[in-house]
Amino acid sequence: MSKSTRRWTALGAGLVAAAIAMTGCASGGGAPIPPATDDPESGELTFVYLGSSSQQETFEQLFEVFRAEYPDIELNAVGIPADDWSAFSTTVATRLAGGQPIDIIQVATEGQRTFASKDVLADLAPFIEQDKDFVEDYWSDISPRLREFNQKYASGPNGETIFIPGGYNVMGMYLNKDLFEQAGVPLPVNGNWTWDEFYESAKKIKEATGAYIIGADADYFRAVMPWLTTNGASTFNEDWTKATYNSPAAVEAVTFARKLIAEGLAPEPGGQFDIAAAYSQGQLAAVNGGRYIVPYVQALDMVDSTVYVNWPTNTTNGTPVGWDAWNITKKSEHKQAAWTFIKFLMSKQAAEYFAGIGGTIVPARLSVATSPLFSENAPEGQERLVESMEWATPIPSIDKGPQAQKIIQEAWLTVIAGQGDPKATLDAAQAELEQLLGG
């Protein structure tokens, strides 16, 4: 994958949270441990998150609001650039194991089971109990599915609450309206289209303009899962206990993705194809991604000529969803101050502020995600980011998530690059995933 491709899209799955949700019930196994008694408005906190230098600049604006409100809390925010959440999770886990003091970690869906399995995060139930009204107000303002997903997939080893889920990202496509018009191709009606319609649009655009329909991609969240979910498939079953990567529907999905490249409708993977330049110069009709694409569209001055639409479907509406989550490490010496920071991120104030400066994630708070703040200076169709939560599939990530992601992506890349038979390649990956689950 080229550096340009990563610059546009590798930080999907929820890069920066503008709003944070609250999780479900208290932990199992007896009475919860009372919350820490340190000062909730003073102390030194180290917070680590995934972010490139440009994203760190945006995030810092939000942090400065917190610092102004809580001047006695010294917030050390450490942004870690990484190609994906798998690499980020591995880096942070290594730092924790090496004794580096970290109080709070931003963890997206792809890394939550990894951290949960290491038993390094504190039970948050006492803090939630401590601020019942505040948390209930927040909970009433988020998607019920987000609460359900967090409770099902991100609990601690004994069912305890260790993550506060936050804003999320789903996958769709940003279309260059001018290029579609130039080729005489209609835009998807109400933002919906099928694989066949997508394919026919791609052929017409290529013939009329020479432009590709979409870039070549093997990213788990950004490319693999959208093609799978829109064909009723996934990499694992619903409770992530069984690999399903070689199902007939999955083989059909990767075969279709390869077809686009084989017929010259998408570029060959692994080259130096510049997505941003190609999109702005009319050489690329669509960019796949989530809300985090918006700042790039703004930088290209293409907001008015771009529309966000749902991923084309074959058998059903589909998209993966990944959400940010926050926690307090067991070794934190300032747990109350850490909880104060998390409450700030949960607040409507933080959600509105971040949405107003161009946040790169769908706010968990529905009141903000459906407000003019979220859609202002953004391509039309932003409401579809919220609506698609209704049919979203949490991106599967087992305890050995980084290893699984590597297997999944490498197999997909092998096929779309024309270097392996679709069924045989996914069969081999399936066997490796089964070993991870059993080992």
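**Helix α11 and its neighbours**

Reply: The axes of α11 and helix α19 (residues 401-416) cross at roughly 45° and come within 8 Å. This is a predicted model. Angles from 65 to 115 degrees count as roughly perpendicular and those under 35 degrees as roughly parallel; α11 and α19 are therefore oblique to each other. Their crossing is right-handed. On the α11 side the contact is made by A253, V254, A257, R258 and I261, and α19 contributes W412, V415 and I416. By class, the residues of this contact of α11 with α19 comprise seven nonpolar, no polar and one charged.

Helix α11 (residues 248-262) also meets helix α9 (residues 195-209): the two axes come within 11 Å and cross at roughly 10°. With the limit for roughly parallel set at under 35 degrees, α9 and α11 are therefore roughly parallel to each other. From α9, the residues W195, F198 and Y199 take part, and they meet E252, A253, F256, K259 and L260 in α11. The contact of α9 with α11 divides into six nonpolar residues, two charged and no polar.

Taking the two contacts together, A253 of α11 is listed in the one with α19 and in the one with α9. R258 of α11 belongs to the contact with α19, whereas E252 and K259 of α11 belong to the contact with α9.

Technical notes
Residues are numbered from 1 along each chain as its sequence is written. This is a predicted model: local features need pLDDT of at least 70, side-chain atom pairs count only at pLDDT 80 or more; totals for chains, interfaces and linings use all residues. Side-chain values use heavy atoms; hydrogens and water are left out. Axes are lines fitted to C-alpha atoms, for helices over the stretch in contact, and angles run from 0 to 180 degrees between N-to-C directions. Helices (H or I, at least four residues) and strands (E, at least two) are DSSP runs, numbered from the N terminus. Angles under 35 degrees count as roughly parallel, over 145 as roughly antiparallel, 65 to 115 as roughly perpendicular and the rest as oblique. Contact means heavy atoms within 4.5 Å. Ala, Val, Leu, Ile, Met, Phe, Trp, Tyr, Cys and Pro count as nonpolar, Asp, Glu, Lys and Arg as charged, and the others, Gly among them, as polar. A crossing is left-handed if the near helix is turned anticlockwise from the far one by less than a right angle, and right-handed if clockwise.
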